[in-house]
Amino acid sequence: MPHLTGAAPAPAAPRPVLLLLYTLLLAAPLLIGLGNGPLYDVDEGAFSSATREMLASGDFGHTTMNGAPRFDKPIAVYWLQAASVALLGLNEWALRLPSALCTWLAALAAAGFVAARRGTAAGALTGLMLVTAFGPWAMARAATADALLNLCLLLTALDLWRHLESGQHAPLRRAALWVALGLLTKGPIALLVPAAALGLWALSRRDFAALRRALSDGTAWLLLIAVAAPWYVYALQRHGMAFVEGFILKHNVNRFSGPMEGHGGSLLYYLLVVPLVWLPWTPLWLGLARRVRALWADAEARFWLCWAGFVIVFFSLSGTKLPHYSLYAGPGILMLTALALPTGQEPRRALRIALWAALMVLVGGLAVVPWLLQSGAVAIRNPLYAALLHGAPAPTALLWAGGVLTVLTGLLAAAPGAFKLPGFAGNQGFVPRFAAAVWLAAVAHGLFAAPWLGEALQGPIKRTAEFARSLGAPQTVQPPITQWNAHWPSVGVYMRQPVPQGEPPVGGLAFTRTDRLRAQPPVTVLREERGVALVRRDGP
């Protein structure tokens, strides 16, 4: 039986101008509207606050948040964010730019890998998939460590397979470098996932020789240790057991052993989340389901199955569950989905309908979900989020954008078979129409949906922080401002100073939630907007 993943006949190389156009088209859904919304709390605010404090202190080996050591994640993403802020200023665009560029690079790497094996059209669609699928797109626009880790995992997976395929040392050593950078980005998960995928693949094939070759390359191990170990040694020497307890135990072991910060879920959590994260491309998996035996018999496809399968099972067993954890299965899912891409022929009618329907779920979400949230049609139990969303600006622009996008998508779906995009040779029907529609949907979400949601959830927090800053230079606001019964790390970014949690002294200022004012001592409200307040404490 021929290999499912064997190299396709080499197509004519695309012209340089088309390659440039393609790279720009991949960047557009990630960059358009990137800075048009406040930082989201808690995650974006926490990473950004730590980056601001790193730049302010000049201490680039250690991160703090509100003056206290932050052991949540290693150092690499803070370095990237700090470099971006140093060049572009302290703003949302600069803080999110490293994540967008990491996803863009990952898409180009995936496109090149698939193009070399299955042709230019398949490669182009694979890159497009990574920048338009809902989960990767969302992480690409977030000032967190996940997009950088996803890039490291993808590069590791591609080079690890190149080594298994060819036996050459160079790809394995590159994979070791990507693992080391992943260890500096988010910790042990960057080594655990590739090691588990390799081990499962070798054991399932009883190919112990390949396993020995991969594990016995001393140069690869030396490279990994030389890149990753110095910062860990430094952190351990500087912080001692506080680093072990904070990073290793709390943010790695404890996350697996039990739910943290209320992020739990059942064993079936990721069976629901994974298909949603990869919309609108998930209907392609229906074709893969009918070919499981053939995929398992193919060496490369088995590797991607082992990678994706391990991640989903591992995090299903984990006590802490978050949607973006499933993206660590991304290299496997992406490469398996690439096998189902309808290139070179018109897909079956049922698949075309399923893909258009999946896209319309995302398009409909652009217009309908914000309206449902704001109108009260969806019950919101948390009083803060109810105040934020119900008082947000009407999503009129979103309704118009969703309507226009629905019409455009419908026109593309009904376009004649001669409709063609550059670089999609042999695909003059459904494929380029769907690619164009997906790209438009991702751009529209960046232009309209993401900014509206950012304003709805975070606008009052940002404006209240800016108002507090306008009261005077941070050092003249005494006693120091605190967060009182609230946790919004982004206020430290907008205040340009640490804003720790805690009860303010008499006369002190604090950010707080209006729904909790009754349970607090007497205060004077200096500013209030949609559930968010800046107050001065008047008495004990």
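Two rings of Phe, Tyr or Trp count as a pair if their centres lie within 6.5 Å; for Trp, the six-membered ring is used. Planes over 60 degrees apart make a pair edge-to-face. In this predicted model, the rule gives 19 aromatic pairs.

| Pair | Centre to centre | Between the planes | Type |
|---|---|---|---|
| Tyr232 and Phe243 | 6.3 Å | 70° | edge-to-face |
| Trp281 and Phe434 | 5.4 Å | 85° | edge-to-face |

Take Tyr232 and Phe243. Tyr232 lies in helix 11 and Phe243 in helix 12 (residues 241–257), so their pair ties together parts 11 residues apart in sequence. Both residues are buried.

Now take Trp281 and Phe434. Their pair links distant parts of the chain, 153 residues apart. Trp281 sits in the loop between helix 13 (269–277) and helix 14 (285–289). Phe434 belongs to helix 21 (residues 430–470). Trp281 and Phe434 are buried too.

**A cluster and two charges**

Ring pairs also join Phe113, Trp161, Trp201, Phe303, Trp304 and Trp307 into a cluster. Elsewhere, the charged end of Arg70 sits over the ring of Phe47, at 4.9 Å from the centre.

**Leu224 in helix 11**

Leu224 is placed in helix 11 (residues 218–239). Is Leu224 buried or exposed? Its relative accessibility is 10%, so Leu224 counts as buried. Beyond residues up to four places away in sequence, Leu224 touches Ala176, Val179, Ala180, Leu183, Leu191 and Ala229. Arg174 is 50 residues from Leu224 in sequence, yet their C-alpha atoms are 9.4 Å apart in space.

Methods:
Residues numbered from 1 in each chain as written. Predicted model: local features only at pLDDT ≥ 70, side-chain atom pairs only at ≥ 80, totals over all residues. Heavy atoms only, no water. Helix = DSSP H or I, 4+ residues; strand = E, 2+ residues; numbered from the N terminus. Buried < 20%, exposed > 50% of the residue type's maximum accessible area, 1.4 Å probe, protein only. Contact = heavy atoms within 4.5 Å. Phe/Tyr/Trp six-rings, centres within 6.5 Å; stacked < 30°, edge-to-face > 60°. Lys NZ or Arg CZ within 6 Å of the ring centre and 35° of its normal.
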